[in-house]
Amino acid sequence: MARIIAIANQKGGVGKTTTCVNLAASLAAMRKRVLLVDLDPQGNASMGSGVDKYSLKRSTYDVLVEACAVSDAIQTPPESGFDVLPANGDVTAAEVELIHVDGRERRLRSALGKVQSSYDYMLIDCPPSLNLLTLNGLVAADGVIIAMQCEYFALEGLSALLDTIEQVRSSVNVSLEVEGILRTMYDPRNSLTNAVSGQLHEHFGDKVYRTVIPRNVRLAEAPSHGVPAMHYDKYSRGSRAYMALAGEMIRREERLRSPNDMGA
Ligand code: ADP
Ligand code: MG
(Lines give C-alpha, C1' and ligand atoms only; values in the text may rest on other atoms or scores of the structure.)
(Ligands and ions follow the chains in the order given, each with its own letter.)
Protein backbone atom coordinates (compact mmCIF):
# COMPACT_ATOMS: atom_id res chain seq x y z
CA MET A 1 0.00 0.00 0.00
CA ALA A 2 1.33 3.38 -0.96
CA ARG A 3 2.51 5.76 1.69
CA ILE A 4 0.86 9.10 0.86
CA ILE A 5 2.92 12.21 1.45
CA ALA A 6 1.77 15.79 0.97
CA ILE A 7 4.39 18.43 0.27
CA ALA A 8 3.09 21.62 1.77
CA ASN A 9 3.77 25.18 2.82
CA GLN A 10 1.28 27.95 2.20
CA LYS A 11 4.20 30.14 1.22
CA GLY A 12 4.89 30.17 -2.53
CA GLY A 13 8.31 29.75 -4.11
CA VAL A 14 9.83 27.63 -1.34
CA GLY A 15 10.53 24.58 -3.51
CA LYS A 16 7.44 22.41 -2.98
CA THR A 17 6.94 21.62 -6.66
CA THR A 18 10.66 21.13 -7.30
CA THR A 19 10.73 18.71 -4.37
CA CYS A 20 7.65 16.84 -5.52
CA VAL A 21 8.97 16.25 -9.05
CA ASN A 22 12.55 15.44 -8.12
CA LEU A 23 11.71 13.29 -5.12
CA ALA A 24 9.24 11.36 -7.28
CA ALA A 25 11.97 10.79 -9.88
CA SER A 26 14.50 9.77 -7.22
CA LEU A 27 12.12 7.28 -5.58
CA ALA A 28 11.31 5.90 -9.03
CA ALA A 29 15.04 5.51 -9.73
CA MET A 30 15.13 3.38 -6.56
CA ARG A 31 12.53 1.12 -8.14
CA LYS A 32 9.61 2.45 -6.13
CA ARG A 33 6.26 2.80 -7.84
CA VAL A 34 5.34 6.45 -7.55
CA LEU A 35 2.27 8.56 -8.31
CA LEU A 36 2.69 12.34 -8.31
CA VAL A 37 -0.61 14.09 -7.54
CA ASP A 38 -0.78 17.68 -8.74
CA LEU A 39 -3.17 19.73 -6.61
CA ASP A 40 -1.92 23.14 -7.69
CA PRO A 41 -3.94 25.00 -10.38
CA GLN A 42 -0.59 26.30 -11.70
CA GLY A 43 0.09 22.76 -12.95
CA ASN A 44 3.85 23.22 -12.60
CA ALA A 45 4.46 19.73 -11.24
CA SER A 46 2.57 18.28 -14.22
CA MET A 47 4.59 20.29 -16.74
CA GLY A 48 7.85 19.54 -14.92
CA SER A 49 7.05 15.82 -15.11
CA GLY A 50 6.41 15.95 -18.84
CA VAL A 51 2.61 16.25 -18.90
CA ASP A 52 1.23 19.12 -20.97
CA LYS A 53 -1.29 20.92 -18.75
CA TYR A 54 -2.80 22.65 -21.79
CA SER A 55 -4.04 19.46 -23.39
CA LEU A 56 -5.50 17.52 -20.47
CA LYS A 57 -8.63 15.52 -21.15
CA ARG A 58 -8.99 14.72 -17.47
CA SER A 59 -7.30 16.17 -14.43
CA THR A 60 -7.39 16.38 -10.65
CA TYR A 61 -10.45 18.57 -11.16
CA ASP A 62 -12.48 15.68 -12.66
CA VAL A 63 -11.36 13.42 -9.84
CA LEU A 64 -12.34 15.92 -7.13
CA VAL A 65 -15.82 16.54 -8.58
CA GLU A 66 -16.18 12.79 -9.22
CA ALA A 67 -16.62 13.22 -12.97
CA CYS A 68 -14.20 10.37 -13.67
CA ALA A 69 -12.36 7.52 -12.00
CA VAL A 70 -8.90 8.39 -10.75
CA SER A 71 -7.37 5.65 -12.91
CA ASP A 72 -8.78 7.38 -16.01
CA ALA A 73 -7.04 10.66 -15.20
CA ILE A 74 -3.60 9.22 -14.39
CA GLN A 75 -0.93 9.57 -17.06
CA THR A 76 2.44 7.92 -17.52
CA PRO A 77 4.79 10.44 -19.13
CA PRO A 78 7.43 8.53 -21.14
CA GLU A 79 10.56 10.00 -19.57
CA SER A 80 9.92 10.66 -15.90
CA GLY A 81 9.66 7.15 -14.51
CA PHE A 82 6.53 7.78 -12.46
CA ASP A 83 2.80 8.32 -12.96
CA VAL A 84 1.08 11.69 -12.73
CA LEU A 85 -2.41 12.79 -11.80
CA PRO A 86 -2.14 16.14 -13.56
CA ALA A 87 -3.70 19.52 -12.87
CA ASN A 88 -4.28 22.86 -14.53
CA GLY A 89 -6.35 25.98 -13.88
CA ASP A 90 -9.55 23.93 -13.90
CA VAL A 91 -8.78 22.70 -10.38
CA THR A 92 -9.71 26.11 -9.01
CA ALA A 93 -13.30 25.44 -10.08
CA ALA A 94 -13.45 22.32 -7.93
CA GLU A 95 -13.11 24.48 -4.85
CA VAL A 96 -16.14 26.52 -5.83
CA GLU A 97 -18.21 23.55 -6.96
CA LEU A 98 -17.62 21.62 -3.76
CA ILE A 99 -18.32 24.47 -1.40
CA HIS A 100 -21.65 23.10 -0.17
CA VAL A 101 -20.85 19.42 -0.53
CA ASP A 102 -20.66 17.25 2.56
CA GLY A 103 -17.33 15.52 2.94
CA ARG A 104 -15.72 17.82 0.36
CA GLU A 105 -12.37 17.58 2.17
CA ARG A 106 -12.33 13.79 1.76
CA ARG A 107 -12.68 13.64 -2.03
CA LEU A 108 -9.00 13.14 -2.81
CA ARG A 109 -8.57 10.60 -0.01
CA SER A 110 -11.31 8.37 -1.30
CA ALA A 111 -10.09 8.67 -4.90
CA LEU A 112 -6.47 7.82 -4.08
CA GLY A 113 -7.62 4.91 -1.93
CA LYS A 114 -8.78 3.20 -5.10
CA VAL A 115 -5.28 3.03 -6.58
CA GLN A 116 -3.25 2.91 -3.37
CA SER A 117 -2.28 -0.73 -3.81
CA SER A 118 -0.68 0.02 -7.19
CA TYR A 119 2.01 2.30 -5.74
CA ASP A 120 4.68 2.49 -3.05
CA TYR A 121 4.48 6.27 -2.75
CA MET A 122 2.08 9.01 -3.66
CA LEU A 123 3.47 12.54 -3.48
CA ILE A 124 0.95 15.37 -3.42
CA ASP A 125 2.05 18.81 -4.61
CA CYS A 126 -0.07 21.27 -2.61
CA PRO A 127 -0.90 24.81 -3.76
CA PRO A 128 0.59 27.79 -1.90
CA SER A 129 -2.38 28.38 0.40
CA LEU A 130 -4.36 26.68 3.13
CA ASN A 131 -7.49 26.25 1.02
CA LEU A 132 -9.84 23.33 0.34
CA LEU A 133 -7.35 21.86 -2.14
CA THR A 134 -4.56 21.74 0.42
CA LEU A 135 -7.04 20.41 2.96
CA ASN A 136 -7.86 17.57 0.56
CA GLY A 137 -4.14 16.86 0.35
CA LEU A 138 -3.71 16.79 4.13
CA VAL A 139 -6.78 14.63 4.67
CA ALA A 140 -5.49 12.14 2.10
CA ALA A 141 -1.93 12.01 3.46
CA ASP A 142 -0.12 9.84 5.98
CA GLY A 143 2.65 12.39 6.32
CA VAL A 144 3.52 15.96 5.40
CA ILE A 145 6.89 17.15 4.17
CA ILE A 146 7.22 20.83 4.92
CA ALA A 147 9.52 22.44 2.38
CA MET A 148 11.10 25.68 3.54
CA GLN A 149 13.84 28.16 2.86
CA CYS A 150 16.00 29.09 5.80
CA GLU A 151 15.30 32.80 5.69
CA TYR A 152 13.88 35.55 7.80
CA PHE A 153 10.10 35.10 8.39
CA ALA A 154 10.33 31.47 7.23
CA LEU A 155 9.22 30.22 10.63
CA GLU A 156 6.44 32.74 10.93
CA GLY A 157 4.05 31.06 8.49
CA LEU A 158 4.80 27.65 9.89
CA SER A 159 2.47 27.87 12.88
CA ALA A 160 -0.61 28.31 10.66
CA LEU A 161 0.38 25.18 8.73
CA LEU A 162 1.08 23.23 11.93
CA ASP A 163 -2.29 24.34 13.35
CA THR A 164 -4.03 23.14 10.20
CA ILE A 165 -2.21 19.80 10.36
CA GLU A 166 -3.27 19.48 14.01
CA GLN A 167 -6.90 20.27 13.15
CA VAL A 168 -6.91 17.64 10.41
CA ARG A 169 -5.32 15.12 12.77
CA SER A 170 -7.84 15.73 15.51
CA SER A 171 -10.84 15.49 13.19
CA VAL A 172 -10.69 13.53 9.92
CA ASN A 173 -7.22 11.98 9.76
CA VAL A 174 -5.81 10.76 13.08
CA SER A 175 -2.78 9.16 11.46
CA LEU A 176 -1.48 12.38 9.86
CA GLU A 177 2.00 13.36 10.99
CA VAL A 178 4.79 15.69 10.03
CA GLU A 179 6.96 13.41 7.94
CA GLY A 180 9.87 15.78 7.83
CA ILE A 181 11.15 19.32 7.49
CA LEU A 182 13.13 19.90 4.31
CA ARG A 183 15.50 22.82 3.95
CA THR A 184 15.52 23.99 0.34
CA MET A 185 17.68 26.43 -1.64
CA TYR A 186 20.16 25.97 1.15
CA ASP A 187 23.16 28.27 1.34
CA PRO A 188 25.49 27.45 4.25
CA ARG A 189 27.47 30.67 3.70
CA ASN A 190 24.47 32.68 4.80
CA SER A 191 24.56 33.19 8.57
CA LEU A 192 20.78 33.45 8.69
CA THR A 193 20.59 29.93 7.23
CA ASN A 194 22.47 28.58 10.23
CA ALA A 195 20.36 30.51 12.70
CA VAL A 196 17.09 29.29 11.17
CA SER A 197 18.47 25.74 10.92
CA GLY A 198 19.26 25.86 14.62
CA GLN A 199 15.71 26.96 15.43
CA LEU A 200 14.28 24.20 13.27
CA HIS A 201 16.32 21.57 15.10
CA GLU A 202 15.15 23.00 18.41
CA HIS A 203 11.47 22.79 17.44
CA PHE A 204 11.40 19.67 15.31
CA GLY A 205 14.41 17.61 16.45
CA ASP A 206 15.13 14.69 14.15
CA LYS A 207 12.12 15.50 11.96
CA VAL A 208 14.50 17.89 10.19
CA TYR A 209 16.03 15.96 7.30
CA ARG A 210 19.81 15.75 7.42
CA THR A 211 19.75 16.14 3.66
CA VAL A 212 19.55 19.74 2.51
CA ILE A 213 18.72 20.85 -1.03
CA PRO A 214 21.29 23.34 -2.29
CA ARG A 215 20.47 26.20 -4.56
CA ASN A 216 21.29 24.69 -7.94
CA VAL A 217 20.58 26.10 -11.37
CA ARG A 218 19.89 22.65 -12.89
CA LEU A 219 16.85 22.29 -10.62
CA ALA A 220 15.51 25.59 -11.95
CA GLU A 221 16.31 24.75 -15.59
CA ALA A 222 14.95 21.20 -15.76
CA PRO A 223 11.22 22.15 -15.76
CA SER A 224 11.62 24.00 -19.06
CA HIS A 225 12.69 20.66 -20.56
CA GLY A 226 9.69 18.88 -19.01
CA VAL A 227 11.82 16.40 -17.07
CA PRO A 228 13.08 15.97 -13.51
CA ALA A 229 16.63 17.27 -13.04
CA MET A 230 18.16 13.78 -12.93
CA HIS A 231 17.02 13.16 -16.49
CA TYR A 232 18.56 16.42 -17.57
CA ASP A 233 21.80 16.40 -15.56
CA LYS A 234 22.12 13.29 -13.45
CA TYR A 235 25.24 14.37 -11.62
CA SER A 236 24.20 17.91 -10.76
CA ARG A 237 24.27 18.80 -7.09
CA GLY A 238 20.51 19.24 -7.14
CA SER A 239 19.82 15.79 -8.59
CA ARG A 240 22.18 14.16 -6.13
CA ALA A 241 20.58 15.98 -3.20
CA TYR A 242 17.13 14.66 -4.10
CA MET A 243 18.53 11.13 -4.47
CA ALA A 244 20.02 11.52 -1.00
CA LEU A 245 16.67 12.72 0.32
CA ALA A 246 14.88 9.70 -1.14
CA GLY A 247 17.48 7.46 0.50
CA GLU A 248 17.08 9.18 3.85
CA MET A 249 13.30 8.90 3.65
CA ILE A 250 13.39 5.19 2.86
CA ARG A 251 15.95 4.47 5.61
CA ARG A 252 13.86 6.37 8.17
CA GLU A 253 10.81 4.31 7.27
CA GLU A 254 12.74 1.05 7.42
CA ARG A 255 14.02 2.00 10.88
CA LEU A 256 10.48 2.69 12.07
CA ARG A 257 9.26 -0.63 10.71
CA SER A 258 12.17 -2.77 11.81
CA PRO A 259 11.17 -4.95 14.80
CA ASN A 260 14.78 -4.87 16.12
CA ASP A 261 14.43 -1.19 16.76
CA MET A 262 11.23 -1.50 18.76
CA GLY A 263 11.51 0.42 21.97
CA ALA A 264 14.90 1.79 21.01
P1 ADP B 1 6.76 26.27 -4.80
O2 ADP B 1 6.17 25.06 -5.43
O3 ADP B 1 6.91 26.15 -3.32
O4 ADP B 1 6.03 27.53 -5.17
P5 ADP B 1 8.93 25.91 -6.69
O6 ADP B 1 9.40 24.51 -6.51
O7 ADP B 1 8.05 26.18 -7.85
O8 ADP B 1 8.27 26.44 -5.35
O9 ADP B 1 10.23 26.83 -6.74
C10 ADP B 1 10.15 28.23 -6.95
C11 ADP B 1 11.23 28.64 -7.96
O12 ADP B 1 12.51 28.37 -7.43
C13 ADP B 1 11.15 27.88 -9.26
O14 ADP B 1 11.51 28.74 -10.30
C15 ADP B 1 12.18 26.78 -9.10
O16 ADP B 1 12.72 26.36 -10.34
C17 ADP B 1 13.22 27.45 -8.24
N18 ADP B 1 13.88 26.50 -7.35
C19 ADP B 1 13.31 25.63 -6.48
N20 ADP B 1 14.22 24.95 -5.76
C21 ADP B 1 15.42 25.37 -6.21
C22 ADP B 1 16.79 25.06 -5.87
N23 ADP B 1 17.10 24.18 -4.93
N24 ADP B 1 17.78 25.71 -6.52
C25 ADP B 1 17.49 26.63 -7.47
N26 ADP B 1 16.25 26.98 -7.84
C27 ADP B 1 15.22 26.37 -7.22
MG1 MG C 1 4.40 24.86 -6.50
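Q: How many nonpolar, polar and charged residues does the shell around ligand 1 have?
A: This is a predicted model, in which local features need pLDDT of at least 70 and side-chain atom pairs count only at pLDDT 80 or more, while totals for chains, interfaces and linings use all residues. Residues are numbered from 1 along each chain as its sequence is written, with chains lettered from A and ligands numbered from 1 in the order in which they are written. Ala, Val, Leu, Ile, Met, Phe, Trp, Tyr, Cys and Pro count as nonpolar, Asp, Glu, Lys and Arg as charged, and the others, Gly among them, as polar. On that division, the shell has seven nonpolar, nine polar and two charged residues.

Q: Which element supplies the largest share of the shell around ligand 1?
A: Ligand 1 is surrounded by 18 residues, where a residue is near a molecule if its C-beta atom, placed from the backbone, lies within 6 Å of it; the closest are Gly15, Lys16, Thr17, Thr18 and Ala220. Helices (H or I, at least four residues) and strands (E, at least two) are DSSP runs numbered from the N terminus, and at least two shell residues come from each of α1, β6 (177-186) and α10 (217-221). The largest share, three residues, is that of α1.

Q: Is arginine 31 buried or exposed?
A: Arginine 31 sits in the loop between α1 and β2 (34-38), and its phi is positive, near 65°, although it is not glycine. Most residues other than glycine have a negative phi. Because arginine 31 has 8 C-beta neighbours inside 10 Å, it counts as exposed.

Q: Is methionine 185 buried or exposed?
A: Methionine 185, which is found in strand β6, likewise has a positive phi, of about 50°, without being a glycine. Because it has 21 C-beta neighbours inside 10 Å, methionine 185 counts as buried.

Q: Which residues is valine 63 in contact with, leaving aside its neighbours within four places in sequence?
A: Valine 63 lies in helix α3 (residues 60-64) and counts as buried because 28 C-beta neighbours lie inside 10 Å. Contact requires the C-beta atoms of two residues, placed from the backbone, to lie within 7 Å. By that criterion, the partners of valine 63 are Cys68, Val70, Ala73, Leu85 and Ala111.

Q: What is the radius of gyration of the protein chain?
A: The chain holds eleven helices and seven strands. The radius is taken over C-alpha atoms, and the globule rule is 2.2 Å times the number of residues to the power 0.38. That rule gives 18 Å for 264 residues, and the chain's value is close to this, so the chain is as compact as a globular protein of that length, with a radius of gyration of 17 Å.

Conventions: Buried ≥ 20, exposed ≤ 12 C-beta atoms within 10 Å, placed from the backbone.
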